[in-house]
Amino acid sequence: MAIIDVKNLSLGFDCECGLRQALFDVSFKLEKGKMLALVGESGCGKTMTAMSILKLLPKSARVLGGEILYDGKDILKLSSRQLQDIRGAKIALIPQDPMTSLNPLYTVGNQLLEVIKIHQGLSGDSAYEKAVEALDMVQIPCARERMSAYPHEFSGGMKQRAIIAMALACNAEVIIADEPTTALDVTIQAQIMNLLNEIKKETDTSILLITHDLALVSENADNVAVMYAGRIVERASAEEFFLNPKHPYTLALLKSLPSNYGEKLETIFGQPPSIQQDISGCRFHPRCARCMDICKKQIPQEFMVGSGHFSACFLN
Ligand code: SF4
């Protein structure tokens, strides 16, 4: 069952040169209790898609079409009051840099208590115990004592755990993790991903993992959606995706991953387009080694290439 259903989301920005489109008919489903990885290079629209789900978009952004269904309601049509009940409480965000979410002037405990008060309506001892329990769940050592610590007294990994604790304390049904381990070293990265996986299993939380790291995806995700220049180009279960990748962009991405030590890595020639560039037809065609005439003129729709496996390419 899909807890978040993004349907044909198109989004643009008002720039000095007029409206520039950044997302093109983006569609995917986040299933309950599963981890969906939204994968792509920097600037491809992953974060903008995630921010649309929280309706936390810059002022210049304009939704051009589509819907984002959560619990059967279109998030894009909710009032600010209705959104307050969802953001943080039902759908929580784990950002790339936890320092942008933790206030350095307040203790970690105070910030957790504030979130619990707003979203759970708890106060006093019951709120305090809930906060300690949440820190415990994310394996912060000596959780009770750490309640009075300030963010600067936490390591990078502990700060990220504290943010995850906030999502847990609110019983969030969906966690959007935007490159949650980018700022962390490899060992801590693995610990944070293990923690997210445990939370997913134990609490049936659904996780949207935004990442450019395919190794992280192969180890953790249940499902994968690949984005290129604002469009989803391939969707599948993680197993099917790595066994039987179809889209030329996906194939190129996978070839650029190190597999054997000493092996020369392949690169994708050219650069992803900027939002200012108009591209006709398939958005990947200027970089695609298998580009045909039709690719420059027509937009390839999604073709079913396997069970639950879709690829937006004329070759399929
Ligand atoms: Fe390449 Fe054409 Fe497929 Fe686009 S539609 S990925 S240009 S073969």
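**Reading the terms in a predicted model**

Biologist: Which residues does phenylalanine 303 contact, leaving aside its neighbours within four places in sequence?

Modeller: They are His309, Phe310, Ser311, Cys313, Phe314 and Asn316. Contact here means heavy atoms within 4.5 Å. This is a predicted model: local features need pLDDT of at least 70, side-chain atom pairs count only at pLDDT 80 or more, and totals for chains, interfaces and linings use all residues. Residues are numbered from 1 along each chain as its sequence is written, and side-chain values use heavy atoms, with hydrogens and water left out.

Biologist: Where does phenylalanine 303 lie, and why is it called partly exposed?

Modeller: Phenylalanine 303 belongs to strand 11, residues 303–306. Strands (E, at least two residues) and helices (H or I, at least four) are DSSP runs, numbered from the N terminus. Its relative accessibility is 32%. Buried means under 20% relative accessible area, exposed over 50%, and partly exposed in between (1.4 Å probe, protein chains only). So phenylalanine 303, at 32%, counts as partly exposed.

Biologist: How far is phenylalanine 303 from proline 98?

Modeller: Their C-alpha atoms are separated by 39 Å, and they are 205 residues apart along the chain.

Biologist: What makes alanine 169 buried?

Modeller: Its relative accessible area is 1%. That value falls under the cut-off, so alanine 169 is buried. Alanine 169 sits in helix 6. Apart from neighbours within four places in sequence, it touches Leu112, Ile116, Gln120, Lys130 and Ala134. Lys130 and Ala134 are among the buried residues of helix 4. Valine 132 is another buried residue of that helix.

Biologist: What covers the buried residues of helix 4?

Modeller: The cover includes helix 3 (108–120), helix 5 (143–146) and helix 6 (156–169).

Biologist: Which residues are around the ligand?

Modeller: A residue is near a molecule if one of its heavy atoms lies within 4 Å of it. Here the list is His247, Pro248, Cys282, Phe284, His285, Cys288, Arg290, Cys295, Pro300, Cys313, Phe314 and Leu315. Cys313 and Phe314 are also among the contacts of phenylalanine 303. Pro248 is one of the buried residues of helix 10, residues 248–255.

Biologist: How many residues in that shell are nonpolar, polar and charged?

Modeller: Nine are nonpolar, two polar and one charged. Ala, Val, Leu, Ile, Met, Phe, Trp, Tyr, Cys and Pro count as nonpolar, Asp, Glu, Lys and Arg as charged, and the others, Gly among them, as polar.
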